[in-house]
Amino acid sequence: MTGRHLCRGHFIAGIEERVAETIRSRNLIVPGDHVVIALSGGKDSTALLMILARILPSWESIRLSAITIDEGIFGYREDTIRSADDLVVKYGLSHTTVSFMEFFGGTLDAFLNGREPEACSVCGILRRKALNVAAERTGATKLATGHNLDDEAQSVFMNVLRGDLPRLVRDSGSDSQGRFIPRIKPLMFISEKEIAVYLMLHGAWPDLPECPYAVHALRGEVRGMLATLESKHPGTMLHLMESKAKIELQCAGRLEEEAIRPCAECGDPCSGEICQLCQLKKTLR
Amino acid sequence: MKIFLPDKSCCDAGPGPVTVEALLRDLGIDPIGVIVARNGTLVTEDAIVENSDEVRIIRIAHGG
């Protein structure tokens, strides 16, 4: 990604410094923050936890903890949860695990019976709610997710393809107008491949299965296209992120903000009359 | 050359010496989605692999 050939020590230090710089330059974490990591146990959140646990102790009065969501995906989540449990023990962090069963009365597998192609959107809505509630329970002031450069570039690309300008320039940390715990993405400029190498160099690569529902993800198509472009034209993903930043600057204060109101059923902030979660719940069996 | 593929299957081939990038392309694998270890050590795509090497190709996307 950087075009440089680095030894193990300099590669690890370089990744950690880039994450620290992302946090500093964007004020993602400030003194006094309680940062809770959304820890699935997969590679991205594992790397996020390791990096934050290594760089934050030298910062002023920052508390770090983790939450894991058990969606109920048979043959997949058991392994990643075990991996998450091992990791928090190793780093001595407080850890909370909550489940879709606890929050919504069923597993993702059960909810998706017959509607597997909708897996990612159903899971996304349920997981977002579970993460918000679980994070609030811990008293966290920031919710850190393991989204990496590939994820972010894919989102930019998808929003461009959809022509969705408001979503393109929306900052996920402030999209609820202060009504949810702000989300931060400290790995947003670290590529998926760099994360994999970072973990391998630490001997911490979680050799886990792929989510069985990943085959249904629309994002997969965009992921393939971007991977091909990045391969032929290195830097494509970073250029997409730079384009987004330039568009954000041009649009600052010019786009009408989507009005946020309480959901008529649950009271959570949403842009329509009824939030996505309440709409989804009516269709779950 | 003993090659461990991302699906954890194994095959023997003799294309070396060849760059990692060329090997991946011959196998129809996009270098962006994998990392490669030669005899247990991670290598970049411009590294050369020989027929006597053990090459492990690891897919990096897990999803979720």
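How many residues of chain A are in contact with how many residues of chain B? In this predicted model, 17 residues of chain A contact twelve residues of chain B.

**View 1. The side of chain A that touches chain B.** Helices α9 (192-201) and α10 (219-232) of chain A each contribute at least two residues to the side of chain A that touches chain B. The most is given by α9(A), with five residues. By residue class, this side of chain A comprises seven nonpolar, five polar and five charged residues.

**View 2. Parallel pairing of strands β2 and β3 of chain A.** Strand β2 (residues 63-70) of chain A pairs with strand β3 (residues 94-99) of chain A in the parallel sense, over six bridges. Within this pairing, A:Val98 in β3(A) is the bridge partner of A:Ile69. Between β2(A) and β3(A) the chain passes through helix α3 (residues 77-91) of chain A, forming a right-handed β-α-β crossover.

**View 3. Packing of helices α7 and α11 of chain A.** Helix α7 (residues 149-162) of chain A packs against helix α11 (residues 236-251) of chain A at an angle of about 55°, and their axes are 9 Å apart. The two helices, α7(A) and α11(A), are therefore oblique to each other. The crossing in which α7(A) passes α11(A) is left-handed.

**View 4. Residues in the contact of α7(A) with α11(A).** From α7(A), the residues A:Leu149, A:Asp150, A:Glu152, A:Ala153, A:Val156 and A:Phe157 take part. They meet A:Met237, A:Leu240, A:Met241 and A:Lys244 in α11(A). Seven residues of this contact are nonpolar and three are charged, with no polar residue among them.

How values were computed. Residues are numbered from 1 along each chain as its sequence is written. Chains are lettered from A and ligands numbered from 1 in the order in which they are written. This is a predicted model: local features need pLDDT of at least 70, side-chain atom pairs count only at pLDDT 80 or more; totals for chains, interfaces and linings use all residues. Two residues are in contact if their C-beta atoms, placed from the backbone, lie within 7 Å. Helices (H or I, at least four residues) and strands (E, at least two) are DSSP runs, numbered from the N terminus. Ala, Val, Leu, Ile, Met, Phe, Trp, Tyr, Cys and Pro count as nonpolar, Asp, Glu, Lys and Arg as charged, and the others, Gly among them, as polar. Two strands pair if DSSP finds at least two bridges between them. A crossover is right-handed if, with the strands pointing away from the viewer, the path from the first strand over the helix to the second runs clockwise. Axes are lines fitted to C-alpha atoms, for helices over the stretch in contact, and angles run from 0 to 180 degrees between N-to-C directions. Angles under 35 degrees count as roughly parallel, over 145 as roughly antiparallel, 65 to 115 as roughly perpendicular and the rest as oblique. A crossing is left-handed if the near helix is turned anticlockwise from the far one by less than a right angle, and right-handed if clockwise.
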